[in-house]
Amino acid sequence: MYNLSCYNPASFTLVGIPGLEKLHIWIGIPFCVIYVVAIVGNCILLYLIAVEQSLHEPMFIFLSMLASTDLILSTATVPKLLTNLWFGSQEITFSGCLTQMFFLHFSFVVDSAILLAMAFDRYVAICLPLRYSTILTPQVIVKIMVSIIVRSFSVILPDVFLLRRLPFCKTRVIPHTYCEHIGVARLSSADISINIWYGFSVPLMTVISDVILIAVSYIFILRAVFLLSSQGARQKALSTCGSHICVILMFYTPAFFSILAHRFGHSVPRNVLILFANFYVAIPPALNPVVYGVKTKQIQDKFLLFFSLRKTQ
């Protein structure tokens, strides 16, 4: 019975942010505001793209997929964080922990793939404008979206089985606010070398390949832009990429910083690393719809039209 409970524990304890227990209530306030902004902003974005026929273009379809994934990412982590900080609800079931871990990592890999798809969209729009409608047909868009989901699912699902095979007999206290693969695996007394190898290398290599392909896409885009004779045409072409570049920087920069900090930043206090990790999963989903709303004229116009009609009713 003891061995069975080790391999199928009832629950884990999420400590929260160690050392800042007295500030938990106040720390929860900005996270709550950020979460509300993420939910409202992404829902408005999805609604506008769904009801406005002029937004049924490949770029906005990919954007709607990004907004949906951002909703999953923030909802998988922030509500549990708030119940932990405000109500002291530190317990999470084993199945709940695995579910949270899966959707956390799955959303990250999906977001990375969507940014690659959006880079490809910008490449075709700027480098092959006359063939845009024939290359990015509705059938191709569907195939890209399905391949993104299948790839991300295939990469992250093994994490669940790699954790289920481990015994958790010593401790079930997770020094974090949410469950992530390596953090949970380190609680086991068994050999976790496979978890470390797969958990770091496979998803990381998947994301790095996305980054390389995005960089290659933008090399071709910049080359095509600077070959344009008109200054106005250059500015117009670059402006269509502005919001995408902002989202790329917001997504990848803190991600790689967090990875490097966990790997090499042994002198960084643990509560700082945990706070940064939580801001990373909370802030990009809130900022993405704001960035696209400010920098994309079509969305900005439809947003203003939507609210002006609501006021006149």
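According to the UniProt annotation, which comes from an unreviewed entry, "transmembrane region" covers residues 23-48, 60-82, 102-120, 140-157, 196-225, 237-260 and 272-294. The structure discussed here is a predicted model, and two of these annotated stretches can be followed through it. Over residues 60-82 the chain is 100% helix and 0% strand, with the end C-alpha atoms 32 Å apart. Residues 196-225 are likewise 100% helix and 0% strand, and here the end C-alpha atoms lie 43 Å apart.

Two packed helices are described by the angle between their axes and the distance between the axes. Helix α4 (residues 94-127) packs with helix α8 (residues 193-226) at an angle of about 15°, and their axes are 9 Å apart. Angles under 35 degrees count as roughly parallel, and α4 and α8 are therefore roughly parallel to each other. The crossing in which α4 passes α8 is left-handed. On the α4 side, the residues that meet α8 include Phe108, Val109, Leu115, Leu116, Arg122 and Tyr123. On the α8 side, those that meet α4 include Thr206, Val207, Asp210, Leu213, Phe220 and Ile221. Sorted by class, this contact of α4 with α8 has 17 nonpolar, three polar and two charged residues.

The strands come next. Strands of a sheet pair through backbone hydrogen bonds, either parallel or antiparallel. In this model three strands form an open sheet in the order β2-β1-β3, and the pairing is mixed. β2 and β3 stand at the edges with a single partner strand each, so one side of each is left without a neighbour in the sheet.

What is the sense of each pairing made by β1? Strand β1 (residues 11-14) pairs with strand β2 (residues 91-93) in the antiparallel sense, over three bridges. With strand β3 (residues 173-174), β1 pairs in the parallel sense, over two bridges. Thr13 is a handy landmark for both pairings: this residue stands opposite Glu91 in β2 and opposite Val173 in β3.

Finally, the sheet and the helix pair can be brought together through α4. This helix lies across β1, β2 and β3, running at about 85° to β2.

Definitions and conventions: Residues are numbered from 1 along each chain as its sequence is written. This is a predicted model: local features need pLDDT of at least 70, side-chain atom pairs count only at pLDDT 80 or more; totals for chains, interfaces and linings use all residues. Side-chain values use heavy atoms; hydrogens and water are left out. Two strands pair if DSSP finds at least two bridges between them. Helices (H or I, at least four residues) and strands (E, at least two) are DSSP runs, numbered from the N terminus. Axes are lines fitted to C-alpha atoms, for helices over the stretch in contact, and angles run from 0 to 180 degrees between N-to-C directions. Angles under 35 degrees count as roughly parallel, over 145 as roughly antiparallel, 65 to 115 as roughly perpendicular and the rest as oblique. A crossing is left-handed if the near helix is turned anticlockwise from the far one by less than a right angle, and right-handed if clockwise. Contact means heavy atoms within 4.5 Å. Ala, Val, Leu, Ile, Met, Phe, Trp, Tyr, Cys and Pro count as nonpolar, Asp, Glu, Lys and Arg as charged, and the others, Gly among them, as polar. UniProt positions are given in the numbering used here, feature names are shortened, and annotations may be inferred rather than shown by experiment.
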